[in-house]
Amino acid sequence: MTAPTVPTVPTAPSPRSPRPGTAPAPAPGASRPGSPDLLRSVFRQHAAGVAVITAQDGGRPVGFTATSLNSVSADPPLLSFTIGTGASSWPAVRDSEYLGVHILGEHQRELAGLFARSGADRFGPSTGWAAGPHGVPVLDGVLAWLVCRVVARVPAGEHRVIIAEAVVGDPAGEGRPLLYHQGRFNALRD
């Protein structure tokens with residue numbers, strides 16, 4: 001008995017790979033060597049959803065805006081995000097077993113900006129929140145939230161990739177997602 005053959009799908013030639021007997025295609029823009037500036041410039045072209053990550057730090061709430069949120073696995077339900085080790089929220093994220101993940105709506109541009117600003121009173125009187133499961137701060141009015149258990153903190157340069165498992169949450173908020181593009185928080189357009 002032989003194993004069934006798996007069909008292969010032809011791939012399109014790379015724009016950087018010339019066809020035999022032809023000259024290479026010109027690059028669509030000036031090529032630059034890899035650098036932090038190049039990476040930032042390229043990712044300004046990438047629209048990302050906006051989330052706020054929260055934790056407890058010695059009984060006080062802390063949090064920050066993240067655009068690096070990713071779904072990792074459905075089973076088990078894992079997600080990831082990154083945080084710089086110089087960030088004010090890093091000690092709480094480093095030491096917490098549970099974290100909150102909040103998906104912001106387009107009506108929450110100011111909240112996204114507040115949690116992105118260094119030195120801001122992020123949990124001041126204008127921020128609606130309550131202690132949620134496992135004592136994690138849960139923000140009011142978000143599109144969706146999760147409380148997650150941290151399963152790994154992976155070193156990546158001066159950052160850490162946090163991998164966490166969803167344990168409880170609510171996806172039932174109303175509104176449309178807030179996006180981050182070209183260094184600004186934006187509404188989704190039809």
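**View 1. Arg-94 and its salt-bridge partner in the predicted model.** Arg-94 is partly exposed, with a relative accessible area of 38%. The model shown in this and the other views is predicted. The side chain of Arg-94 meets that of Asp-95 in a salt bridge. The N to O distance is 2.9 Å. Asp-95 has 54% relative accessibility. Asp-95 counts as exposed because this value is over the 50% cut-off.

**View 2. A salt bridge between Arg-149 and Glu-165.** These two side chains also meet at 2.9 Å, N to O. The pair links distant parts of the chain. Arg-149 belongs to strand 9 and Glu-165 to strand 10, 16 residues apart. Arg-149 is partly exposed, at 29% relative accessibility.

**View 3. Arg-60 with Asp-57.** A salt bridge joins Arg-60 and Asp-57. Their closest N and O atoms are 3.4 Å apart. Arg-60 has a relative accessible area of 46% and is partly exposed. Asp-57 is partly exposed too, at 26%. The structure holds 4 salt bridges, including this one.

**View 4. The largest nonpolar core.** This core has 17 residues. Ile-53, Phe-64, Phe-81, Val-93, Leu-99 and Ile-162 touch the most other members. Among the elements that give two or more residues are strand 2 (51-57), strand 3 (60-66) and strand 5 (78-84). A second, separate core has 16 residues. It includes Leu-111, Ala-112, Phe-115 and Phe-123.

**View 5. Surroundings of Val-93.** Neighbours within four places in sequence are left aside here. Val-93 is then in contact with Phe-64, Phe-81, Ile-83 and Leu-99, among others. Arg-153 and Ile-162 are also contacts of Val-93.

**View 6. The loop at Gly-183.** Gly-183 lies between strand 11 (178-181) and strand 12 (184-187). Gly-183 is partly exposed, at 42% relative accessibility. Ala-47 is 136 residues away along the chain. The C-alpha atoms of Gly-183 and Ala-47 are separated by 9.6 Å.

**View 7. The whole protein, for orientation.** The protein contains 3 helices and 12 strands. Buried residues make up 30% of its 190 residues. Take contacts between residues at least 6 apart in sequence: 60% join residues at least 24 apart. The accessible surface comes to about 11900 Å². Carbon and sulfur atoms account for 56% of that surface.

Definitions and conventions: Residues are numbered from 1 along each chain as its sequence is written. This is a predicted model: local features need pLDDT of at least 70, side-chain atom pairs count only at pLDDT 80 or more; totals for chains, interfaces and linings use all residues. Side-chain values use heavy atoms; hydrogens and water are left out. Helices (H or I, at least four residues) and strands (E, at least two) are DSSP runs, numbered from the N terminus. Buried means under 20% relative accessible area, exposed over 50%, partly exposed in between (1.4 Å probe, protein chains only). Contact means heavy atoms within 4.5 Å. Accessible areas come from the Shrake-Rupley method with a 1.4 Å probe; for residues, only the protein chains shown count as cover. A nonpolar core is a set of buried Ala, Val, Leu, Ile, Met, Phe, Trp, Tyr and Cys residues joined through side-chain atoms within 4.5 Å.
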